Amino acid sequence: MLVSKFSKSVFRCLAAIILLSATQAGAHPGHEHERDILTDRDLSLDQCAFAGQWPPGVGQQFVPQAPDSELQSIMSQIDPTRIQAIIEKLVSFGTRHTESSQTDPVRGIGAARDWIAEQMRGFAEASEGRMVITTPSYIQQPVPDQIVNTTNITNILATIKGSVDPNRVYIVSGHYDSRVTNLLNNIDDAPGADDDGSGVAISMELARILATHIPRATVVLAAVAGEEQGLFGSTFMAQQFFEAGADVQGMFTNDIVGSSTADDGTKDPNDIRLFAQGIPSTDSPALASETVSIGGENDSPARELGRFVAEVGTNDDTEMTVRVIYRADRFLRGGDHEPFLALGFPAARFTEPNENFAHQHQDVRVVDGVQFGDLTEFVDFEFTARAGRVNAAALWSLAQAPGTPRNVTIDISVLTNNSTLTWVAGSDVDDDNLAGFEIVWRSTIEPFWTHTIPVGLVNKMTIQLSKDNAIMAVRAVGKNGFKSPAAYPFPTG
Ligand SMILES: [Zn+2]
């Protein structure tokens, strides 16, 4: 049972802040000695980092989980020259418009589809049978203003079944179709180097590298069609997982992840945006209302997934900072994560930090000396490789951790300044890697977790922290060190 030193800590922390402020200002140099004494008694600035907003409470300061040596090896193998070669090959098919030729061996989406599948099958050869390549397809009927002809939509999936928990699934996807200014133009060159050759290149690089690794949960590297026409391929993919009863606990689309240069030339090479939806649009009005009433609007499964990616994807190995955007997608745009969100799966979208709209969805042309079009020359392969490392960190950390806890509740049956949470393990199997759980918490105005409280292998815990003042959630901890995304509690009692 945890014993809080809460009020004592508050006063010591505030005292340290006051003393340190005075010391730093040079007003009372004699206080230096007092500060040292306090520091010796375990008064670090870290503990007081947000004392101005909120006193330090129970538990330890939240420290982001670091990659293990296997994950570092995976990340280091992501190769910018291979990414460049993939994007150049995809562009060489002229157009990958969803309604372009499916039978021409050198031009059109069919040639691109067959090349991606062939490459994936080559990667799978190194997997000793663990990686399976499939090309599920269906016939899409015409939709006014979106798709004129009855069209075969084919996805390419590289699946590595989890060694311990095969029904728990994590997906990284990109779309291999492309477009120009007129959505229905299936004739002219539509290079789609950044949108979305870059995303497909990440799926393919991760497939190549992960083929020789053994994930505990299932990982899927996907390239889908029909995105531009109406998210057709991803809708089909999400539906297939749903109908198969798969427990998809995380899906990422990489869409436009190939450049860090803004319209005005500003470069932002070490940032990647991750768009994460708030209250699920699939929630019933009653559930959405309850979520708002308990202050849970910022803790949807997609947001917790976003926090997780920021935790594992922002480090010296990726050389990236994950900027979580509290929004499902950019204005006027959508993406392949949305069909997964619509079926209740946590999903989010990676996109480069700045977009140049002259390089997306544009006829290839020069106007007043300005080159329009989604050309390879505008892609930064090193940046795309770093985006790939963020994906590798997220995907591998998810697959090696125990599942995200389920049925997390907080007891509101009586008025108390304590908080009692309950939960169950987030897996269909008895995971021998499950070491226990942690309650994570933060002030209501903090974007990310600031504290963690290890509670062991239990399914219920009371902590001496008021649910009225903090946001709490539960995450699982693996014996291998990997920790799951957190799950937010809903009231019971
Ligand atoms: Zn796109």
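Analyst: The chain has twelve helices and 20 strands. Helices (H or I, at least four residues) and strands (E, at least two) are DSSP runs, numbered from the N terminus. This is a predicted model: local features need pLDDT of at least 70, side-chain atom pairs count only at pLDDT 80 or more, and totals for chains, interfaces and linings use all residues. Residue numbers start from 1 along each chain, as its sequence is written.

Now to α8, residues 232-243. The helix has twelve residues, so at 1.5 Å a residue it should span 16 Å. That expected span is 1.5 Å times one less than the number of residues. The end C-alpha atoms of α8 are 16 Å apart, which agrees.

Which residues of α8 are buried? They are Phe232, Gly233, Ser234, Thr235, Phe236, Met237 and Ala238. A residue is buried if 20 or more other C-beta atoms lie within 10 Å of its own, exposed if 12 or fewer, and partly exposed in between; C-beta atoms are placed from the backbone. In the chain, buried residues make up 49% of the 493 residues.

What do the buried residues of α8 pack against? Their partners are the strands β3 (137-140), β4 (151-154), β6 (165-175) and β7 (217-224), plus the helices α7 (227-230) and α11 (338-342). Contact means that the C-beta atoms of two residues, placed from the backbone, lie within 7 Å. Of the chain's contacts with a separation of 6 or more, 75% join residues 24 or more positions apart.

Just after α8 comes Gly245, with a positive phi of about 75 degrees.
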